[in-house]
Amino acid sequence: MSHLHISDGILPWWLWIGGMVCTGLLTLLALLKLRKQRRLLSQVAIMAALGLAAMNIPLGLLVHINLSALAGILLGPLNGFLATFIMLVFNALIGHGGLTVLGVNALLVGSEALVAGALFRGLGADKGLLPRVAVSVLIALVVSSLLVVAVTGAAGLGLEALAHQHEEHGGEGHETVFLKTLLPLYAPLLAIWVAVELGVSLLVTAYINKVRGDVFAGR
Amino acid sequence: MDLATMDYLAANHHCWLQRCSPLAKVLFAAGVLTFLLTTRSQAFLLGMLVFILGLALSNRLPWRVLLTLAIIPLFFASVFAISLRDWNVGVLVLGRAVVSALTVAMVFMTTVPVRLLGLISVPMPAVFGELMYFTYRSFFLLLESLKNTLRAVRLRRGRERISLSRVRAMAQVYGMTLVRAWDMAGRQYDLLRLRGLGQGLRINRDWRLRPWDLTLLAAIIAIGVGWYCA
């Protein structure tokens, strides 16, 4: 897991509405594709449920896994994204991540499924399962983390603009230090999250491949 | 976060919010979110927090669950608030995050999930509704299995510090649960096909309004007046 559960009221309106439109389009595309492959419905749902269950079991202070990248590898990029979106809908309903920022949160976490799924298929079956999973998951987590930094940067601009408006109305002056302060706070958490998600994804893959090799056959 | 506890409350808790229609509650939450996102008044946010806690109190919702729910948005919003180094906007960010999370969660805790999922899936193709039901149903089966196996592993390994072998054991539990889930997916699909999944399974959507909805209407008007005055 390399994401922040962004809450309502943090992002500027153009960002969360844009996120909602992009996520809506991707979800619609995935649903239309899924309608023609109904047997996959149960697998998408099971993967979403497993991610949700994994999120319900914390591994330590605010660290949990979500298996999004693995969902992309097992189900394909679009179906993996759909599983992630479903998982985040339930999270938003219980206050874990905002409802209005569901689109942006889905893009941040779902990018892990999109990138890992596409890379895993693009690397070709001749490379060996574990190296393919390692490369796909690592790149997916890095991409997702960079997106998080970009989104928080945009959020910072919006919030700083709000702070400046406050100043104009008699508030105290302050420096524009948002990202400078946030990154040192976020970077250690990010490093732990990426390491845990990558390690668990690899170990889970190795285990599944040992006991049920057919799950990865033909992928 | 404990989805199972909230599901139990949604199905078994008796309170006046349970008597309001799901539609009215969803509209109420949408109204509250709109007011929260458009306000810049700390006094209004404080008033909203008191109001939402009062709503929880009048519905006898457990404080422990609410406090646990508030921690996650509080933590993530505080990362932004601290980074901003402006306490005025920081308080605004924290207030919006906590009050909106509690409002949405309260709607979830007081509405039968099937009804809520039915409403949420309205703008999407029918397959989305089926996916939501299937996920929700599977979640409880998997959570129980995952928790039991992790507990068994912990009991067998005793009090052990964090080590690579412990992480490996935990990952194997996830792997085992995934393999089981993969097998279960096929069986569940066949079972639900028999019950109409993918063949025009009718999702029961409750659009009826109820007399208790008037309290929510009064509440949202009062909130709107407070928003305007602030």
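## Basis of the description

Residues are numbered from 1 along each chain as its sequence is written, while chains are lettered from A and ligands numbered from 1 in the order in which they are written. Because the model is predicted, local features need pLDDT of at least 70 and side-chain atom pairs count only at pLDDT 80 or more, whereas totals for chains, interfaces and linings use all residues; side-chain values use heavy atoms, with hydrogens and water left out.

## Chain B as a whole

The secondary structure of chain B consists of ten helices and zero strands. Helices (H or I, at least four residues) and strands (E, at least two) are DSSP runs, numbered from the N terminus. The C-alpha trace of chain B spans about 60 × 50 × 30 Å along its principal axes. Of the 230 residues in chain B, 52% are buried, where buried means under 20% relative accessible area, exposed over 50%, and partly exposed in between (1.4 Å probe, protein chains only). Contact means heavy atoms within 4.5 Å. Among contacts in chain B between residues at least 6 apart in sequence, 80% join residues at least 24 apart.

Chain B is assigned domain 1 (3-119 + 208-229) and domain 2 (123-194), with bounds that come from an automatic or database domain assignment. Nine residues from domain 1 of chain B and seven residues from domain 2 of chain B take part in the contact between them. The C-alpha centres of these two domains of chain B lie 30 Å apart.

## The largest pocket

Rolling a probe the size of a water molecule over the atoms shows where empty space is left. On a 1 Å grid over the protein atoms alone, a cavity is a set of points where a 1.4 Å probe fits but cannot get out, and a pocket is an open set with protein on both sides within 12 Å along at least five of seven lines; lining residues have an atom within 4 Å of a point. Grid points are joined across faces, edges and corners, and a volume is the space filled by probe spheres set on the points.

The largest pocket holds about 790 Å³ of space. It is lined by 26 residues, of which Met20(A), Leu99(A), Leu102(A), Ile120(B) and Pro123(B) are the closest to its centre. Two or more lining residues come from each of helix H1 (13-35), helix H4 (77-93) and helix H5 (102-123) of chain A, and from each of helix H3 (22-38), helix H6 (87-109) and helix H7 (113-120) of chain B. H1(A) provides the largest share, five residues. Domain 1 and domain 2 of chain B each give at least three residues to the lining of the largest pocket. By class, this lining has 22 nonpolar, four polar and no charged residues. Ala, Val, Leu, Ile, Met, Phe, Trp, Tyr, Cys and Pro count as nonpolar, Asp, Glu, Lys and Arg as charged, and the others, Gly among them, as polar.

## Two cavities

The structure holds two cavities of 30 Å³ or more. The largest cavity has a volume of about 50 Å³, and its lining includes Leu17(B), Lys25(B), Phe28(B) and Val107(B). H3, helix H4 (42-58) and H6 of chain B each give two or more residues to this lining, with the largest share, three residues, coming from H6(B). The lining of the largest cavity has six nonpolar, two polar and one charged residues.

The second largest cavity has a volume of about 40 Å³. Among the residues that line it are Met47(A), Asn66(A), Gly80(A) and Met87(A). H4(A) gives the most to this lining, with four residues. The lining of the second largest cavity divides into six nonpolar, five polar and no charged residues.

## Two buried residues

Thr111(B) is found in the loop between H6 and H7 of chain B and counts as buried because its relative accessibility is 2%. The side chains of Thr111(B) and Lys25(B) are joined by a polar contact of 3.2 Å. A polar contact is a pair of N or O atoms within 3.5 Å; within protein, one must be able to donate a hydrogen and the other to accept it, and residues adjacent in sequence count only if both atoms are side-chain atoms. The side chain of Thr111(B) also reaches the backbone oxygen of Val107(B) at 2.6 Å.

Phe90(A) lies in helix H4 of chain A and counts as buried, at 0% relative accessibility. Leaving aside residues up to four places away in sequence, Phe90(A) touches Leu52(A), Leu117(B), Met132(B), Thr135(B) and Tyr136(B). Phe90(A) and Leu52(A) are 38 residues apart in sequence and 8.1 Å apart in space, C-alpha to C-alpha.
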